[in-house]
Amino acid sequence: MIGDGKTGDIKKIAAINQPTLTDDITQALRGITEKRATTLTYLIDKAHENDQFARDAVWQYGLDNGIDFKEEMERPDNLEEFADKFTNTLEANVYEMETVRSTSSEFEVHFHYCPYVNRWLKMGKNPQELGQLCDICMLGDKATASIFSEIDFHLGDTIAKGNSVCELRYRKHENSIKVNIKR
């Protein structure tokens, strides 16, 4: 859940967030992602108490990504195609994604590594800051899913809050499932 207020133990988070994929391409992509995490973190740090501008910017970033993602799909209402497109990229290696479930009504993916968390740990962020930064960044994923009128996004536990993985779930709306069954 985005904004759930959970935090984790910093040593446990650092111990959990260890990459297993270390090929050159994945490492290079992680480096780019960590630079993005640094830029976003500095913006939020400078904002102090009011981080709404960062939330708005990340939301817009997610909307833009969702529009591009949807345009690349042949059947944007198909959750299985969404799942396949989501996980069959080089970016899947960056986050060490594991598809837990992929059906016509539900897609669940776990991230076993987070380059954002890696950078935030290097920056000395505390557990509360990790949780806040994660919540802001995950707004992008929620915004991306919002472009798809039949898909709901749910963020479960995250590495930044002390979980062993980040849990992302996408579900078809109940009414769209019933409509598809009637066809």
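**Conventions.** The model is predicted, so I took local features only at pLDDT of at least 70 and side-chain atom pairs only at pLDDT 80 or more, while totals for chains, interfaces and linings use all residues. Residues are numbered from 1 along each chain as its sequence is written, and side-chain values use heavy atoms, with hydrogens and water left out.

I looked up the strand order first. Four strands make an open sheet in the order 1-2-4-3, with antiparallel pairing. I took helices (H or I, at least four residues) and strands (E, at least two) as DSSP runs, numbered from the N terminus. Two strands count as paired if DSSP finds at least two bridges between them. Strand 1 (97–102) and strand 3 (151–155) are the edge strands, each pairing on one side only. From one strand to the next, the twist averages 20°.

I then went through the pairs. Strand 1 and strand 2 run antiparallel and are joined by five bridges; a hairpin of three residues connects them. Arginine 101 has glutamate 108 in strand 2 as its bridge partner. Strand 2 pairs with strand 4 over six bridges, in the antiparallel sense, and histidine 110 is partnered there by glutamate 167 of strand 4. Strand 3 and strand 4 (residues 166–172) are also antiparallel, with five bridges. In strand 4, arginine 171 is the bridge partner of aspartate 152, and arginine 169 is that of histidine 154.

I used the relative accessible area with a 1.4 Å probe and protein chains only: buried is under 20%, exposed is over 50%, and partly exposed is in between. How many residues of strand 2 are buried? The count is six of its six residues. Glu106, Glu108 and His110 lie on one side, Phe107, Val109 and Phe111 on the other, and both faces are covered. Leucine 155 counts as buried because its relative accessibility is 2%. Its C-alpha atom is 4.9 Å from that of leucine 168, 13 residues apart along the chain.

**Helices on the sheet.** Axes here are lines fitted to C-alpha atoms, for helices over the stretch in contact, and angles run from 0 to 180 degrees between N-to-C directions. Helix 4 (residues 79–87) lies across strands 1, 2 (106–111), 3 and 4, at about 15° to strand 2. Helix 7 lies across strand 3 and strand 4, at about 165° to strand 3.

**Core.** I defined a nonpolar core as a set of buried Ala, Val, Leu, Ile, Met, Phe, Trp, Tyr and Cys residues joined through side-chain atoms within 4.5 Å. The largest one has 41 residues, and those with the most contacts inside it include Phe82, Phe86, Phe111, Trp120 and Leu168. Helix 7 gives the most to this core, with eight residues. For phenylalanine 111 I listed contacts (heavy atoms within 4.5 Å). Leaving aside neighbours within four places in sequence, its partners include Phe86, Tyr95, Met97, Ile159, Cys166 and Leu168.

**Helix packing.** In helix 6 (residues 115–122) I found Pro115, Tyr116, Val117, Asn118 and Trp120 buried. The buried residues of helix 6 pack against helix 1 (10–16), helix 2 (24–47), helix 5 (90–94) and helix 7 (127–146). Glycine 124 follows helix 6 and has a positive phi, near 80°.

I also checked helix 3 (residues 52–71) against helix 7: their axes come within 7 Å and cross at roughly 35°. Residues that meet include Ala54, Val58, Trp59 and Leu63 in helix 3 and Ile136, Cys137, Leu139 and Ala143 in helix 7.

**Cysteines.** Which cysteine sulfur is closest to that of cysteine 137? The sulfur of cysteine 134 is, at 7.1 Å, too far for a bond. Cysteine 166 is in no disulfide either, the nearest cysteine sulfur being that of cysteine 114, 5.4 Å away. With a disulfide taken as a pair of cysteine sulfur atoms within 2.5 Å, the count comes to zero. Cysteine 137 is buried, with a relative accessible area of 14%, and cysteine 166 is buried at 6%.
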